[in-house]
Amino acid sequence: MLFRSLRSGSVLLSEVMANSRTVAFGGAIGADWLEIYNASSATTDLSGMSVTDDPKTPRRWVFPNGAKLPPQTHLAILCDPNAPAATNYAAGAVMNTGFGLDSAGDGVFIFDAPSRGGALLDSVQFGLQAADYSLSRIPDINGDWGLGLPTPGLPNTAAALGDPALIRINEWMANPANGDDWFELLD
């Protein structure tokens, strides 16, 4: 996985779900989503900010006028390409970017409003994603990106991982008559 993150403002990317198969969010089961977090101690105006999976198209999905994020609050946004883009900003409404994320590798970028300069506020680029696990910043404000349990709209939770010290090379094949070299790991 390739992680890159910029922290230029109070609004940060907090969690990305790019390979949902059974996780429900926003009335959809198996749809992708992303989550932002307001790290400041004040409500942040999201009006005109934008989210994209392609930095060459920074305004692919734009927050509606009047959208606000209270301090130390998470906001999950659906990324369902099978549903129309939605910018309904009302209590209980789910916003949808209208585009999905590629579970084989993609990126998420959040840009400030053009009226405030349009700068890239935060981003994460990633490789192949495990099904039904999220890519999460733990802790939300200043943590590193890692494997998480899906928590749309809530504080992030790290996924339990095995002890890498217990992994052993079980067998290997170098220079086989047919096919590529390979090795097998055992834990």
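These notes cover a strand, its sheet and a surface patch in a predicted model.

1. Start with the sheet. Six strands form an open sheet in the order β9-β4-β1-β12-β13-β14, and the pairing is antiparallel. The edge strands are β9 and β14 (157-158), and each pairs on one side only.

2. Look next at strand β9, residues 74-79.

3. Now take the two faces of β9 in turn. In a regular strand, side chains alternate between the two faces of the sheet.

4. What joins β9 to β4? Strand β4 (residues 32-38) runs antiparallel to β9, and six bridges join them. One to find on screen: E35 has A76 of β9 as its bridge partner.

5. Further along the sheet, strand β12 (residues 134-138) meets strand β13 (residues 144-149). Five bridges join this antiparallel pair. Among the residues involved, I138 has D144 in β13 as its bridge partner.

6. Finally, turn to the surface. Which residues form a nonpolar patch there? They are I167, I169, W172, F183 and L185, with about 600 Å² of accessible area together. Strands β15 (168-173) and β16 (182-186) each supply at least two of the patch residues. I167 lies in the loop between β14 and β15. I167 has a relative accessible area of 40%, so it counts as partly exposed.

Key: Residues numbered from 1 in each chain as written. Predicted model: local features only at pLDDT ≥ 70, side-chain atom pairs only at ≥ 80, totals over all residues. Heavy atoms only, no water. Pairing = 2+ DSSP bridges. Helix = DSSP H or I, 4+ residues; strand = E, 2+ residues; numbered from the N terminus. Patch = residues over 30% accessible without salt bridge, like charges linked within 9 Å, V, L, I, M, F, W, Y side chains within 5 Å. Areas by Shrake-Rupley, 256 points an atom, 1.4 Å probe, with all protein chains shown as cover. Salt bridge = Lys/Arg side-chain N within 4 Å of Asp/Glu carboxyl O. Buried < 20%, exposed > 50% of the residue type's maximum accessible area, 1.4 Å probe, protein only.
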